[in-house]
Amino acid sequence: MRVELRHIFKSFPHNGSSLEVLHDINLTVAEGEFVCLVGPSGCGKSTIIHLVAGLERPTSGDILVGGRPVTGPDPSRTVVFQDAALFPWLNVLGNVEFGLRMAGLPPVRRRARALEYLKLVHLSRFTTAYPHQLSGGMKQRAAIARALALQPEILLLDEPFAALDAQTRAVLQNELMEIWELARPTILFVTHNVREATGLADRVYVISSRPGQIRDVQAIHVPRPRHAEDAALLAHQHKILELLGEEVEKVLQDELGERVHFPEAQHPVPPEQSRGMHS
Amino acid sequence: MRERPRISRWLKPVQALALLYLLWEATAFAFPAWPSPRTVFGALMDDFRQPVFRAALAGSAWRMLVGYTLVILVGISGGLLLGRVPLIDQIIGSFAVAIHAIPGAAWVPLSIIWFGMTERAVIFTILLGASGIVMVSTDTGIREVPPLVARAARTLGARGTKYFWFVVVPSAIPKIVDGLRLAWAFGWRALMAGELLTSVSGLGQLLSQVAKAGQLDQLLAIMLLIASIGIAVDGLVFKRLEHAVRVRWGLA
């Protein structure tokens with residue numbers, strides 16, 4: 001289903017006055033498209049996810065999903081939150097079954113469906129574990145299975161891998177890619193990690209902060225699976241970092257470990273040369 | 001290396017108990033009227049051989065069981081109603097807090113007027129002395145659903161009654177367990193006060209009997225037993241329950 005945000009403004013009350021977090025946001029996600037929003041911390045990216053999820057209302061503007069305005073949360077739009085937000089009193093299976101239970105699915109069917117999605121995220125052996133027994137990566141796997149089990153039209157991901165170590169993040173990025181290619185949900189993925197955004201998305205919206213505004217949209221025409229050192233990707237990353245201008249420093253500090261890769265992005269290998277190297 | 005923390009875990013309470021024992025022996029040696037630990041433990045052993053004493057102990061245990069079960073039922077359902085129904089909260093919310101502020105012993109006279117010098121009066125004292133804290137903590141718990149949990153639940157289609165029973169109530173469980181633990185201590189005290197002031201046979205009543213007879217060793221023996229039961233149930237049941245809940249809910 002297509003997602004469309006038209007002239008979205010959002011302000012929050014702040015110390016008696018109002019603080020504008022989103023300023024005239026216009027964006028679309030086509031049916032089955034994978035779109036990333038990238039920007040520094042505090043630029044209102046998460047607010048966009050909350051708006052599309054129906055958890056918050058815009059101050060003005062329209063949010064259309066499949067051509068119809070969003071009036072509240074709906075199981076056809078599920079969210080994967082940064083810290084998983086699993087229910088601590090339910091085990092992994094119980095968490096994945098939760099939405100299906102709310103939807104009134106009979107126990108046998110919801111169990112079968114939950115197990116199917118747990119298999120997809122490679123958690124079949126941990127169905128009886130409780131969230132406090134899981135690592136960060138496993139929690140996110142469970143959260144992804146929980147969001148997918150409802151077979152949503154739209155999957156919203158709010159910095160889902162930001163708290164994970166680099167290796168776990170890379171593995172989960174690949175798996176998310178595989179899942180997306182399998183079921184083709186419409187995906188809106190929020191991150192402050194430029195490398196992650198360019199590696200995953202069909203299109204990347206670049207958002208600047210205070211108030212959040214769209215600076216640019218980059219269409220990434222690099223075939224998947226994508227190679228991290230692909231010259232075209234590096235060129236996109238370079239362009240995005242440049243666009244973020246003085247906010248780059250902040251973005252890089254958040255990414256710490258990735259800082260070493262920055263010089264490569266500054267001097268991208270010409271695309272011709274790169275093709276020769278990787279294919 | 002692995003043994004050391006375990007030893008030190010036991011060492012401190014053992015040291016404290018040993019010190020206490022020595023102090024007691026010393027004071028008993030200095031003041032002959034004051035019974036020595038050996039006399040008191042001897043009295044306690046004797047007590048356990050008496051059918052009257054065993055009946056009193058069983059009576060107290062039974063009243064506590066009935067009273068505490070009622071506390072759980074009334075406290076939790078009352079707390080859920082307070083948190084869920086604004087009208088009930090407005091009408092009896094402050095009333096519940098007021099009940100909670102009255103110590104268990106202060107309910108005994110009223111219980112006696114209503115139920116006479118009966119077992120029911122004692123159970124009623126436990127109920128009033130301990131259910132307030134469970135109500136208040138349940139009420140607090142269901143009002144404090146973590147925002148992230150609430151958001152996740154809503155995006156997964158939870159609303160209305162299902163949201164209440166599958167999200168609000170389970171997320172309140174740590175608070176409810178806190179309340180139940182306190183209620184055990186309050187209820188145990190209310191039981192003793194109730195038995196002391198009514199003529200229902202139980203540990204509390206034995207206490208007043210031996211005091212009237214001037215049997216200091218018996219008095220200390222029974223007080224020791226009352227304290228031990230209180231501590232044992234708290235440590236063996238409630239501390240463990242509370243810890244297990246806190247670990248699972250990610251609070252420990």
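Biologist: Is the crossing of α5(B) and α6(B) right-handed or left-handed?

Modeller: The model is a predicted one. In it, helix α5 of chain B covers residues 108-115 and helix α6 of chain B covers residues 119-143. The two helices pack against each other with their axes 9 Å apart. Their crossing is right-handed.

Biologist: How many nonpolar residues has the contact of α5(B) with α6(B)?

Modeller: From α5(B) come Val108(B), Ser111(B), Ile112(B) and Phe115(B), which meet Arg120(B), Ala121(B), Phe124(B) and Thr125(B) of α6(B). By class, 2 of the contact residues are polar and 1 is charged, while the nonpolar ones number 5.

Biologist: Which are the edge strands of the open sheet in chain A?

Modeller: The sheet has 6 strands with mixed pairing, in the order β6-β7-β8-β3-β9-β10. An edge strand here pairs on one side only. In chain A these are β6 (77-80) and β10 (213-219).

Biologist: Which residue in β8(A) is the bridge partner of Leu157(A)?

Modeller: Strand β7 of chain A spans residues 154-158, and strand β8 of chain A spans residues 186-191. They pair in the parallel sense over 5 bridges. In β8(A), the partner of Leu157(A) is Phe189(A).

Biologist: Which helix packs on this sheet?

Modeller: The helix touches β3, β6, β7, β8 and β9 of chain A. Its direction makes about 150° with that of β8(A). Comprising residues 45-53 of chain A, this is helix α1.

Conventions. Residues are numbered from 1 along each chain as its sequence is written. Chains are lettered from A and ligands numbered from 1 in the order in which they are written. This is a predicted model: local features need pLDDT of at least 70, side-chain atom pairs count only at pLDDT 80 or more; totals for chains, interfaces and linings use all residues. Axes are lines fitted to C-alpha atoms, for helices over the stretch in contact, and angles run from 0 to 180 degrees between N-to-C directions. Helices (H or I, at least four residues) and strands (E, at least two) are DSSP runs, numbered from the N terminus. A crossing is left-handed if the near helix is turned anticlockwise from the far one by less than a right angle, and right-handed if clockwise. Two residues are in contact if their C-beta atoms, placed from the backbone, lie within 7 Å. Ala, Val, Leu, Ile, Met, Phe, Trp, Tyr, Cys and Pro count as nonpolar, Asp, Glu, Lys and Arg as charged, and the others, Gly among them, as polar. Two strands pair if DSSP finds at least two bridges between them.
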